[in-house]
Amino acid sequence: MNELAAQLGFDFPSYPALVSAGAALAIVFAAWLLAILAGRTIGPALSRLWSRYTDERSESMTLRMCRLVRFAAAALMLAVALRAEHWPPLSAFILGFSVAASSALLVVEAVRGLDMPRWMAVILAGAAFLTLLADALERLRPVTNVLDRVGFDAGKTHISLLSAIQVGIIILAIYAVVKLITRLLNASIKQSRSLDPAQQLLAQKLGSVVLLVVAFFASIDLIGIDLTAFTVFSGAFGLAVGFGLQKTFGNLIAGIILLMDRSVKPGDVIVVGESFGYVTKIGVRAVSIVTRDGKEHLIPNENLMTQEVENWSYSNPNVRIHIPVSIAYDSDVELAQKLMIEAALTPSRVLKSPKPVVWLLNLGENALEHEIRVWIKDPEGGIGNVRSEILSRLWVLFKENGIGVPSPQRDVRIKEWTGPDLKS
């Protein structure tokens, strides 16, 4: 067998090397068996804990948590086995390949669980696989040396293929970590009972800004860029903010101020210019208002700071609706007003307290002009449907009780008639 292997150009492993490879395969099999058991045991418990903490409940979450535990346990046990002994090359390859594969699967599962694009998962998993496999085979240093030689010098800085790969991997990894921390932070803020929705949103946005700043400086430090090199860049950035990005930063600050003084909150019903609807989101740049027609208006935050805003639910969600009604002069006024009150109580959205009232506003040219005034506490549901329901019921009651609705009447007087004599 050794002679055949020598003729083919490679060395056939010796008997001790084959025994060691068999032991490595047995370790891989045992590690994966224990990892599967750990995933089935610990995964559901972690899924319940995650659901209770973040309010995310789904069958896929349990399956993903089981896979994460399985891959993490396998990678950890195999890494310990790899470092616990100086293995022959074949055994080191078996264990190193298993560690790299387990780690790559763990990265893919974690990145996809954060709803990141598939290409990011592939890049991070590929980098983890190749790095761990080369390190297990003690080939990482030669590979990095080759990649470092492929590049060019820009002043005192050496830019190589290795540095470009490192920068890309660091940015993607920090992005994934920031997204995970942001999700946990938002879930923690949402569960805080001492904060109202507006304060929770403000805390989430401030936390996101702080995380982005920390991630930026952390990535700069990991890449190895000297912060003093940003002195000139910071001046240029300040000029860009002063000119090109003035509106953007103005809207950002305006959004934070709106959340701090709570003048406009998610769920409020507001009127800004021609836009009427309820606020669904206060973003970094604009406030989202959904109208009764289902149209979503995006109004810049600065407009809500500089223009007049009518907030129907700023201090009290109750809103009063005015419904004009006219009746004929020969109608029973007292009965008509009772029927108006009865019709006003028909919609379920009308509040019983304050109770509906009817006012006689004017003795008009052709009719007695009344106004029905009712209160509702959910203006986001619209006011046109309440008015329509009241008027529809009132029309039926008027017909049943003989209350007339006037129509305009005009008397025509003819001063001169040049036509034929109508008396003849």
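Helices (H or I, at least four residues) and strands (E, at least two) are DSSP runs, numbered from the N terminus. The views below show a predicted model, in which local features need pLDDT of at least 70 and side-chain atom pairs count only at pLDDT 80 or more, while totals for chains, interfaces and linings use all residues. Residues are numbered from 1 along each chain as its sequence is written, and side-chain values use heavy atoms, with hydrogens and water left out.

**View 1. H370 in strand β10.** H370 has its place in strand β10. With a relative accessibility of 2%, H370 counts as buried (buried is under 20% relative accessible area, exposed over 50%, partly exposed in between; 1.4 Å probe, protein chains only). The side chain of H370 reaches the backbone oxygen of L368 at 3.2 Å. Beyond its neighbours within four places in sequence, the residues in contact with H370 (heavy atoms within 4.5 Å) include I323, M340, V358 and W359.

**View 2. The hairpin of β9 and β10.** Strands β9 and β10 form a hairpin, with four residues between them. Strand β9 (residues 357-363) runs antiparallel to β10, and six bridges join them; two strands pair if DSSP finds at least two bridges between them. V358 stands opposite I372 of β10.

**View 3. The largest nonpolar core.** This core has 25 residues, of which M340, I372, I390, L394 and F398 touch the most other members. At least two residues of the core come from each of β3 (269-272), β8 (319-327), α12 (333-344), β10 (368-376) and α13 (384-401). A nonpolar core is a set of buried Ala, Val, Leu, Ile, Met, Phe, Trp, Tyr and Cys residues joined through side-chain atoms within 4.5 Å. Neighbours within four places in sequence aside, I390 is in contact with I323, A343, A344, P347, V350, I372 and V374.

**View 4. An open sheet of five strands.** The strands follow the order β6-β5-β4-β3-β7, with antiparallel pairing. The edge strands, β6 (296-300) and β7 (310-311), each pair on one side only. Five bridges join β5 (residues 286-290) to β6, and I289 stands opposite H297 in β6.

**View 5. The aromatic pair of W32 and F71.** The structure holds three aromatic pairs. Rings of Phe, Tyr and Trp (its six-membered ring) pair if their centres lie within 6.5 Å; planes under 30 degrees apart count as stacked, over 60 as edge-to-face and the rest as tilted. The ring centres of W32 and F71 are 6.1 Å apart and the planes stand at 75 degrees, so this pair is edge-to-face. Because W32 lies in helix α2 (residues 15-54) and F71 in helix α3 (residues 59-84), the pair ties together parts that are 39 residues apart in sequence. W32 is partly exposed, at 24% relative accessible area, whereas F71 is buried, at 8%. R70 lies over the face of F71, 5.9 Å from the ring centre.

**View 6. The aromatic pair of F97 and F129.** Here the ring centres of F97 and F129 are 5.5 Å apart and the planes are at 90 degrees, so the pair is edge-to-face. F97 in helix α4 (residues 89-113) and F129 in helix α5 (residues 118-136) are 32 residues apart, and their pair links distant parts of the chain. F97 is partly exposed, with a relative accessible area of 39%, and F129 is partly exposed at 21%. Ring pairs link F93, F97 and F129 into a cluster.

How values were computed
Lys NZ or Arg CZ within 6 Å of the ring centre and 35° of its normal. Polar contact = N/O pair within 3.5 Å; in protein donor to acceptor, adjacent residues only side chain to side chain.
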